[in-house]
Structure formats: structure tokens, C-alpha cells
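Reader: I would like to learn how to read a fold from its coordinates. Could you walk me through this one?

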Amino acid sequence: MVVGVTGSIAAYKSAELVRLLVKRGYEVSVVMTHAATQFVSELTFRTLSRRPVGLDMFPRVAEWVPDHIAFAERAAVLAIAPCTANMIAKMAHGMADDLLSCTALACTAPVVVAPAMNVMMWRNPALQANLRTLAERGARIVDCEEGDLACGYEGKGRMASPESVLAVIEECMKGRGKSKA
């Protein structure tokens with residue numbers, strides 16, 4: 001199981017999602033964008049997952065392994081939660097300029113996308129077209145919730161609850177086994 005975390009205030013919900021997945025017996029690897037580290041630290045996810053966190057395309061390690069391929073191969077499911085409008089656009093258009101977008105492009109496992117953004121961004125026709133593209137390619141989109149948004153607006157755009165994302169992940173995991181990361 002791989003959880004991708006992008007740069008959104010909703011990144012704090014990802015910590016709870018990782019905790020729930022580990023509690024259910026899944027091996028969880030986390031890949032963060034650099035923007036995500038502005039909201040929640042790598043240490044949080046390393047502690048909750050009990051595994052190293054992917055941050056860089058080319059980390060300095062004793063044995064070089066292309067991490068984007070390693071994470072993609074490890075994933076029984078790739079869940080990106082929160083998934084920003086930027087990451088949704090990258091995925092819809094095949095862009096791969098960081099570890100998470102490269103992992104998503106290389107991943108052959110089911111992909112779960114939990115969008116999180118401002119209501120104006122959510123309503124934008126380009127964003128909606130990108131979500132349709134991802135859904136047509138088989139991604140499972142966990143619908144946003146309505147309510148107060150961190151930016152002060154009210155409306156649709158809040159990331160779904162960790163429990164809602166977990167339910168979609170577990171639907172995808174049926175028959176795949178829990179031990180796979």
C-alpha cells in the first residue's frame with residue numbers, strides 16, 4: 001500500500017489515514033511532495049508507517065534503486081490523499097516531475113484519488129475534465145465533502161474523511177492481501 005500526500009492543509013487527514021491502515025494490518029509506504037512537507041512533517045509519516053518516507057527522486061543511499069519504480073511496484077493500491085488540483089492535472093496529462101507524479105505514472109495497481117482544494121478550484125471546468133480523465137482511466141475518485149474550507153470559503157472541496165478514503169482503499173484491496181506495501 002502506498003499513500004501519496006500532496007501540499008494541502010488536508011495533509012493532516014493523511015496522518016490519520018496512515019494510522020488507520022497500519023492498525024488494520026497493512027504495510028504502508030508514504031510518498032510526499034515537497035509542498036506536503038510544509039503542512040505535515042516527514043517524521044510524522046515515518047513514525048506512523050514505521051517505514052522510510054519517499055521525498056526525493058534521487059536520494060543518496062548506499063544502494064541506488066529508482067524509487068519511483070520501487071514505490072510503483074510495491075503498491076497494491078496507490079492512494080493519493082489529499083490530491084491537489086496540481087497533482088490531478090499532472091496525472092491526467094502524464095506529467096512526471098517529482099517522486100509522487102513519477103510513481104503514479106509508473107503504477108499499474110489501482111489508484112485512489114481523494115481531492116482537496118478551494119471550492120472555486122473544485123468548480124473549474126479544467127479540474128473537472130481532469131478528474132473525468134482519471135476516472136475514465138480507472139482511478140477511483142473519493143468525492144470531496146462540503147463545508148467550511150481552511151481558506152475561509154464554504155462549499156465543496158474538503159478532502160473526504162480518512163474513514164471514507166479507507167473504505168474505497170479496502171474495496172480495491174479485496175483479494176490483494178494485506179501484506180503488500
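Author: Let us start with a helix: in H7, Leu127, Asn130, Leu131 and Leu134 are buried (under 20% relative accessible area with a 1.4 Å probe, protein chains only; exposed is over 50%, and partly exposed is in between). Helices (H or I, at least four residues) and strands (E, at least two) are DSSP runs, numbered from the N terminus. This is a predicted model, where local features need pLDDT of at least 70 and side-chain atom pairs count only at pLDDT 80 or more, while totals for chains, interfaces and linings use all residues. Residues are numbered from 1 along each chain as its sequence is written, and side-chain values use heavy atoms, leaving out hydrogens and water.

Reader: Which elements do the buried residues of H7 pack against?

Author: They pack against helix H4 (85-92), S5, helix H6 (119-123) and S6, with contact meaning heavy atoms within 4.5 Å.

Reader: What caps the N-terminal end of H7?

Author: Asparagine 124 does, with a side-chain oxygen 2.7 Å from the backbone nitrogen of alanine 126. That is a polar contact (N or O atoms within 3.5 Å; within protein, one must be able to donate a hydrogen and the other to accept it, and residues adjacent in sequence count only if both atoms are side-chain atoms). Just after H7, glycine 138 has a positive phi of about 105 degrees.

Reader: Now a strand. Is S5 mostly covered or open?

Author: In a regular strand the side chains alternate between the two faces of the sheet. S5 (residues 111-115) is mostly covered, with 5 of its 5 residues buried. Val111, Val113 and Pro115 are on one side, and Val112 and Ala114 are on the other.

Reader: Which strands pair with S5?

Author: Two strands pair if DSSP finds at least two bridges between them. Strand S4 (residues 78-83) runs parallel to S5 over 4 bridges, and strand S6 (residues 140-141) is joined to S5 by 2 bridges, also parallel. Valine 113 is the bridge partner of isoleucine 80 in S4 and of isoleucine 141 in S6.

Reader: Which residues touch the most other members of the largest nonpolar core?

Author: A nonpolar core is a set of buried Ala, Val, Leu, Ile, Met, Phe, Trp, Tyr and Cys residues joined through side-chain atoms within 4.5 Å. Of the 35 residues in the largest one, Leu21, Val28, Phe45, Val165 and Ile169 touch the most other members. Helix H1 (11-23) is among the elements that give two or more residues to this core, and its share, 7 residues, is the largest. Leaving aside neighbours within four places in sequence, isoleucine 169 is in contact with residues including Leu17, Leu21 and Val112.

Reader: Last one: where is serine 49, and is it buried or exposed?

Author: Serine 49 is in helix H2 (residues 42-49) and counts as buried because its relative accessibility is 6%. A polar atom of its side chain lies 2.7 Å from the backbone oxygen of phenylalanine 45, and one lies 3.2 Å from the backbone nitrogen of arginine 51.
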